[in-house]
Amino acid sequence: MSRFAARVDLDAVRANVAVLHRHAGSANVMAVVKADGYGHGMVPCARAALDGGASWLGVAFVEEALALRAAGIDAPVLAWLLAPGDDVAAATAAGIDVSVSAGWTLDAVATAAADAGRAARVHLKADTGLGRAGATVPDWPALVEQAAKCEADGLVDVVGVWSHLAYADAPGHPTVARQVAAYGEALDVAGRAGLHPQFRHLANSAATLALPEAHFDLVRPGVAVYGLSPGPALGTSADLGLRPAMTLRAEVALVKHVEAGQGVSYGHRYTTTTSTRLALVPLGYADGVPRHATNVGPVQIGGRRFTVSGTVCMDQFVVDVGDTDVSAGDEVVLFGPGDSGEPTADDWAQAVGTINYEIVTRVGARVPREHVGAA
Ligand SMILES: *Cc1c(COP(=O)(O)O)cnc(C)c1O
């Protein structure tokens, strides 16, 4: 093993997608692989997800979609976060579907399509209450009219009408029903403008698992593809039949004896209380170990649980291992699926006050991803 690595179990990704596919019923599954597959490696995870029954891939940026195409993946791909200056022409040429929330984006897409002599595939996005991307209720009629005109002119093909939920991880939350209703109204407005999209989609992981009324024609799970629960209200990974795909591990770089009263790491935010041994772990905040894990991050070394001792540094942190039998070269597991007693990404999220999404997605570029399973 290298000094440290994030091992990614592609069989778990494939099996998680199969679980999501069963939940989705007759809806298609778009596996969301943005942000380097939530830190797991975009292309291998995309392939494993397609193997597991996904028929679409979802990313934020056109560049991410182009990287999928460059890797030879020809499944339908939706890129939903366009900004001025994006290479819409390249997206159109590569047959990438793009999301449109505003008239200027539609203009750019229509121009690229006219130049290419090929209709661009678009998904019109309605803001049904999240208050993020999407056209607001007052702006929606003009957007769908403009899109209908572009479609009539052969410049765009409105493949989808879609939206995104604010509280899918709180299934009984009153905004959920309101957003589902607002989405229905947005579809009606689009229908009256003459648009009949083949793919209506609203559901992220949480809604795929817990809100069948939000499934429509296509679901867009992300975090659950990687085996993580979208939130405590939905249960643990195990409750949901999901398996966390990533194990973040390292090898102890150094073990040394120190006396009681030794301050440890920057600012001496930990001080030894007895004569003891300190183990140095060569992963730091540059690698995604949150600095907030100082004195609280859980780790497993040689099968035993310990806690980060003192400040997490850029490249390393220290663990007071007492008189346990730990030596340089021993394996340290920061998090994994949890079945060998190691901490999970959920444990880290809870310890540092964030969500499991952030724990896995922030694993840094310096950490090699080792993909195992699902060749
Ligand atoms: C990231 C994202 C998803 C996936 O969300 P999860 O909670 O990870 O399932 C789906 N749709 C959109 C628009 C997103 O930005």
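Analyst: The buried residues of helix α11 are covered by elements that include strands β15 and β18 and helix α12 (356-361), where contact means heavy atoms within 4.5 Å. Helices (H or I, at least four residues) and strands (E, at least two) are DSSP runs, numbered from the N terminus. This is a predicted model, in which local features need pLDDT of at least 70 and side-chain atom pairs count only at pLDDT 80 or more, while totals for chains, interfaces and linings use all residues. Residues are numbered from 1 along each chain as its sequence is written, and side-chain values use heavy atoms, with hydrogens and water left out.

Within α11, which spans residues 345-352, the buried residues are A345, W348, A349 and V352; buried means under 20% relative accessible area, exposed over 50%, and partly exposed in between, with a 1.4 Å probe and protein chains only. These residues cover an arc of only 100° around the axis, so they lie on the same side of α11, the arc being that of the directions from the helix axis to the C-beta atoms. After α11 comes G353, which has a positive phi, near 75°.

Strand β18 (residues 331-335) is largely enclosed by the rest of the structure, because four of its five residues are buried. Two strands pair if DSSP finds at least two bridges between them, and β18 pairs with β15 (residues 298-301) in the antiparallel sense over two bridges, with I301 opposite V332. Strand β10 (residues 246-251) also pairs with β18 in the antiparallel sense, over four bridges, and there R249 has V333 as its bridge partner.
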